[in-house]
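Here is a friendly walk through the model you have open.

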Amino acid sequence: MSGVRVLVGTRKGAFILTSDEQRKAWQVDGPHFAGWEIYHLKGSPADPNRIYASQSTGWFGQLIQRSDDGGQTWTPVGNEFAYDGVPGTHQWYDGTQHPWEFKRVWLLEPSLTDPDTVYAGVEDAAIFRTSDGGQTWQELPALRAAKGSLWAPGAGGMCLHTILLDPTNPNRIFTAISAAGAFRSDDGGETWRPATHGLKSNWEMPDPEAEVGHCVHSIAMHPARPEVLFMQKHWDVMRSDDAGDNWREISGNLPSDFGFPIAVHAHEPETIYVVPIKSDSEHYPPEGKLRVYRSRTGGDEWEALTNGLPQENCYVNVLRSAMAVDTLPACGVYFGTTGGQVYASPDSGDTWTTIMHDLPPVLSVEVQTLL
Amino acid sequence: MIRVLIPHHLRTLANTGKEVEVPVEGAVTLRTVIDALEARYPMLRGTIRDRATQERRPLIRFFACGQDFSHTSLDTPLPDAVASGAESLMVVGAMAGG
């Protein structure tokens, strides 16, 4: 029987929620790594039993955990993330240059074809790769050569939080970094260039159209059309139809175009989802109403999805990695909140149910569709 | 054998009890004890000392015989009572928070 496995990373551990294809009754397993911050868990598309988790605390640093049995048991693997060569410097809050310092792993993006190959996005911003199942990690250092000296940490840290792998072109990789921007490689990570033309950050940057410095919050693609990218920027929801060469705004009638996650429907490449947040100063939904907005036109025209979501006195946030979709015939959409709720829709967002009420603040949500 | 008390999260990680014993050849210092601890329990690498600098992580403390060794050189000899196994070296997660 097919079903789904929802991987939830929280401030105090990981939770694994499983259901059959009806997605009504849920089995809860966890907390795994109780008391640790789990920034991200993600399963290998090539082997769903292989799952990687980023585990950290301020006390004991960074660990990477690996499961070979669908999250039942875990083994710590390599946790040495050494920048390539002399790490160099980036811009600091006071305008001076500051040395690159490893802080944590924000996300783990397994290869689409090889369970032992995984990309890691880290803070201070860099991309690493393992090809031995997480035992050793090597930086792809050319990314930091893409004007890295001009990158500066945002409020959440100078984090590389998005890695997208092109299913039709194994050499093409996209990354996004808070307060640095979006970048593309067409040669497997050997070289990188900013992919930001068309982004405008009028209130955040002295040159609103500079090549680097834009605070990109997340990027999503549909695997059938990897040249089309959707971006939730600090402010503005954006779209590119040429693999990030050019961007245009698609915020349309959203009540706010500030937000963190963005997702694409599994079967409708022009159907996208965002969760509008009031502003950069007030990280909660406008009017205290938790609404997912869906566009079925690839942007510009948006509808509020509210059935089953709190429509009064709701002041949670939804973080950038905390929304995902499954690939069952009726596409499921999932997101977690800083208030510890996990919401699921088994019908593309038309109706929602709360599948977890009282978790620690949710940092990430990923979904595996089990066939 | 050197006795080392380790904090809750590291016990869970290394699948140990509250106290572990590790062999140390030669001088008994923070560095040699942690080297031995990491050799016996490789999953603890990076959790007590920073991976890059090999210095104490900021929120780790080292106590022994009623004294705080957190701010001394890692190469400072530990008290004879630790070296003889009469007392434990305590690896502690610092108080932090509200």
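Chain A has 0 helices and 30 strands; helices (H or I, at least four residues) and strands (E, at least two) are DSSP runs, numbered from the N terminus. Its radius of gyration is 19 Å, close to the 21 Å from the globule rule for 371 residues, so chain A is as compact as a globular protein of that length. That radius is taken over C-alpha atoms, and the rule is 2.2 Å times the number of residues to the power 0.38. Along the principal axes, the C-alpha trace of chain A spans about 50 × 45 × 40 Å.

A word on the source: this is a predicted model, in which local features need pLDDT of at least 70 and side-chain atom pairs count only at pLDDT 80 or more, while totals for chains, interfaces and linings use all residues. Residues are numbered from 1 along each chain as its sequence is written, and chains are lettered from A in the order in which they are written.

Of the 371 residues of chain A, 53% count as buried (20 or more other C-beta atoms within 10 Å of the residue's own, with C-beta atoms placed from the backbone).

| Strands | Bridges |
|---|---|
| β18(A) (216–221) and β19(A) | 5 bridges |
| β19(A) and β20(A) (237–240) | 4 bridges |
| β14(A) and β15(A) (173–177) | 5 bridges |

Within these pairings, A:Val216 stands opposite A:Lys233, and A:Met231 faces A:Met238 in β20(A). β19(A) and β20(A) form a hairpin with 3 residues between them, and A:Asp236 in the turn has a positive phi of about 90°.

Elsewhere, 4 strands of chain A form an open antiparallel sheet in the order β14-β15-β16-β17. β14 (160–165) and β17 (193–194) of chain A stand at the edges with a single partner strand each, so one side of each is left without a neighbour in the sheet. A:Thr162 has A:Ala176 in β15(A) as its bridge partner.

Finally, the chains meet through 12 residues from chain B and 13 residues from chain A, where contact means C-beta atoms, placed from the backbone, within 7 Å. Helix α1 (residues 8–14) of chain B gives the largest share of the chain B side, 3 residues.

Conventions. A residue is buried if 20 or more other C-beta atoms lie within 10 Å of its own, exposed if 12 or fewer, and partly exposed in between; C-beta atoms are placed from the backbone. Two strands pair if DSSP finds at least two bridges between them. Two residues are in contact if their C-beta atoms, placed from the backbone, lie within 7 Å.
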